[in-house]
Structure formats: C-alpha cells, structure tokens
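Welcome! Open your viewer, load the model and keep the selection tool at hand. We will go from stop to stop, and at each one you will hear what to select and what is there.

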Amino acid sequence: MQITGLVKRFGQKTAVAGLDLEVPSGSFYGLVGPNGAGKTTTLSMATGLLRPDAGAVRIHGVDVWTQPVEAKRLIGNLADGVRLFDRLTGEQLVTYTGMMFGLAREDVAARTADLLRIMDLQEAAGTPVVDYSAGMTKKVALACALVHAPRLLVLDEPFESVDPVSAANIEDILRGYTASGGTVIVSSHSMDLVQRMCDHVAVIAQGRLLASGTVDQVRAGQTLQDRFVELVGGRHHAEGPQWLRQS
Ligand SMILES: Nc1ncnc2c1ncn2[C@@H]1O[C@H](COP(=O)(O)OP(=O)(O)OP(=O)(O)O)[C@@H](O)[C@H]1O
C-alpha cells in the first residue's frame, strides 16, 4: 500500500496533515500514535471509507478512490466504530459479507464455519450480533474482514477487548497470513504487541509521520515503548494533583 500526501481536515482541525507511507507487500505493519494522532482517519481514507481532502492511496497498483470496487476486493477491513448489521446472527453476518464479495454459496458456508471456529464463536453462531460482548463483536468483525481472503488486511485496534486465548489464536492466523504473502496493517496502542508481531512500524502524531521503517530501525536500540515516548513526548512526571492523594 502506498499512501501519498494524504490530508483530512474537519473544520479548523487538520486530522491528517500530508501523510506519506509505503507499506511493503507481505509486511506486518504497525501504525502507532497517541490518542487523536489521526490513525483511524488515515486508515478510513486508506480503505475507501472516508474521502481524503488531498492525496492518494494505491493498493497493489489499484487506486482506492478512482477504482473503489477493485480496491475493495483487495482489502479486508476491521474498522473502528463502524456499525455492523447487528440484527443478523454471527453466522448470517459472515455469510452475508462473503456473498457480498460474490463468493459461491458453498465456499461461503465452509469459510464461515472455519472462521467461527477459529474465533471461538461456534456456540454464539446463532445469536444476534447485537447481543455479543465487545470482544465477540470484534472477533465477528474480523471474521467478516477475512472471509474473502483479501491481499491486504487493515485492522484498527484488532485486539481491543479480545481475551488472551482468542488474541493468541488471532495472532497465529495473522502470522500465517503474512507468511503466505498477505499484508497486514494494524493500529494499536500496545507497544509490546507491535514490537512482538510487526516487522515495520510508523509513528504518527498530530497527523504527521514522526518515524517509519523496520521496527529495529525505529526503536533504535531502545524498547518501542521508550522510543515512542521520546518521539511523541507528553509524559507527566508529577504524582498527580494534590487533591487526589490519600495521605
Ligand atoms: N468526524 C470527525 N469530526 C471532527 N473531528 C474528527 C472526526 N474524526 C476525527 N476527528 C478528529 O481528528 C483527530 C484524529 O482523530 P483519529 O480518530 O483519527 O485519531 P486516532 O489516532 O485514531 O486516535 P485514538 O488513538 O484515540 O483512537 C482528532 O483530533 C479527532 O478529534
């Protein structure tokens, strides 16, 4: 995925201020930054959900905004805050998504069964998604993102609310996916996770790129956590306000 000169303004606020990013094919790419840095806005523009004010995004040479149908076939997207058709059961939702991508009915059925098993959602397959917990909802949305076997997976905070066993299973799937040539871009606040799973990382703040490259290049001999704090700043060393102290 190649992002060039991406800009998004909301009124006076510039959420993304001319971002360039190259995500190599087959990489596991982490996108990190403080709250409000512009991660979700960037990923929404990169996946065709939010129209940029300027700039372009190409995926395997396909322009996301001038060739949206071709681009969306290539992308599996787990977006933050996008509503699902949650009156459907988990099984219906994954099936529906697969059929929207034009998969044959028997392929959709087999893939849906595989994905519900991997996500440990078999028992909840017949339950409406509206009744799912936050973690279950995240997992069924991830199943929907995977069902058409996309070449690029764009995951906004995929492990938020997901229990450790499910997270480990999902990590295994994603590792297998990149090992077989798929590309993953993942936004996360967990530096441990990014350092463990990603081979590349970009640090953004206030809609600008502060650093990008392989994880080892960016962390430059420190932990990613320490390097992130050094790049982004904003640590408060005081012990908090006086009125909050209990003794
Ligand atoms: N629809 C919107 N209308 C107005 N401002 C918005 C909108 N969406 C995002 N913003 C603003 O753009 C900036 C970037 O937001 P964004 O959600 O992309 O950040 P983020 O890096 O994903 O943050 P977080 O880590 O907290 O999820 C923030 O200042 C946010 O308030």
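**Before you start**

Residues are numbered from 1 along each chain as its sequence is written. The model is predicted: local features need pLDDT of at least 70 and side-chain atom pairs count only at pLDDT 80 or more, while totals for chains, interfaces and linings use all residues. Helices (H or I, at least four residues) and strands (E, at least two) are DSSP runs, numbered from the N terminus.

**Stop 1: the ligand**

Select F10, K13, A15, G33, N35, G36, A37, G38, K39, T40 and T41, the residues around the ligand. A residue counts as near a molecule if its C-beta atom, placed from the backbone, lies within 6 Å of it. Two elements, β2 (13-22) and α1 (39-46), each give two or more residues to this shell. Which element gives the most to the shell around the ligand? That is α1, with three residues.

Now colour the shell by residue type: three of its residues are nonpolar, six polar and two charged. Here Ala, Val, Leu, Ile, Met, Phe, Trp, Tyr, Cys and Pro count as nonpolar, Asp, Glu, Lys and Arg as charged, and the others, Gly among them, as polar.

**Stop 2: the four-stranded sheet**

Next, show the open sheet whose four strands run in the order β2-β1-β4-β5, with antiparallel pairing. Two strands pair if DSSP finds at least two bridges between them. The edges are held by β2 and β5 (62-63); each has a single partner strand, so one side of each is left without a neighbour in the sheet.

Walk across the sheet pair by pair:

- β1 (residues 2-10) and β2 are antiparallel over seven bridges, and L6 stands opposite L19 in β2.
- β1 and β4 are antiparallel over four bridges, with T4 opposite A56 in β4.
- β4 and β5 are antiparallel over two bridges, with I59 opposite V62 in β5.

**Stop 3: the six-stranded sheet**

Now select the other open sheet, where six strands follow the order β6-β7-β8-β3-β9-β10 with mixed pairing. β6 (75-78) and β10 (208-214) are at the edges, each with a single partner strand, so one side of each is left without a neighbour in the sheet. On average, neighbouring strands of this sheet are turned by 15° against each other, direction ignored. Angles use axes that are lines fitted to C-alpha atoms, for helices over the stretch in contact, and run from 0 to 180 degrees between N-to-C directions.

Zoom in on β3 (residues 28-32) and β9 (residues 200-205), which pair in the parallel sense over four bridges. G30 stands opposite V201 in β9.

Helix α6 (residues 164-179) lies across β3, β7 (152-156) and β8 (183-187), at about 140° to β8. Helix α9 (residues 224-232) lies across β3, β9 and β10, at about 30° to β9.

**Stop 4: the core**

Which residues touch the most other members of the largest nonpolar core? Among its 61 residues, these are V140, A143 and V184. Such a core is a set of buried Ala, Val, Leu, Ile, Met, Phe, Trp, Tyr and Cys residues joined through C-beta atoms within 7 Å. Helix α5 (residues 134-146) gives the most to this core, with eight residues.

Select V140 and its contacts: G90, L93, V94, M119, L121, V129 and Y132, not counting residues up to four places away in sequence. Two residues are in contact if their C-beta atoms, placed from the backbone, lie within 7 Å.

Move on to M119, in the loop between α4 (105-118) and α5. Is M119 buried or exposed? M119 has 25 other C-beta atoms within 10 Å, so it is buried. A residue is buried with 20 or more such atoms, exposed with 12 or fewer, and partly exposed in between.

**Stop 5: two loops**

S161, with phi near 70°, lies in the loop between β7 and α6. Q206, with phi of about 50°, is in the loop between β9 and β10. S161 is partly exposed, with 14 other C-beta atoms within 10 Å, and Q206 is partly exposed with 15.
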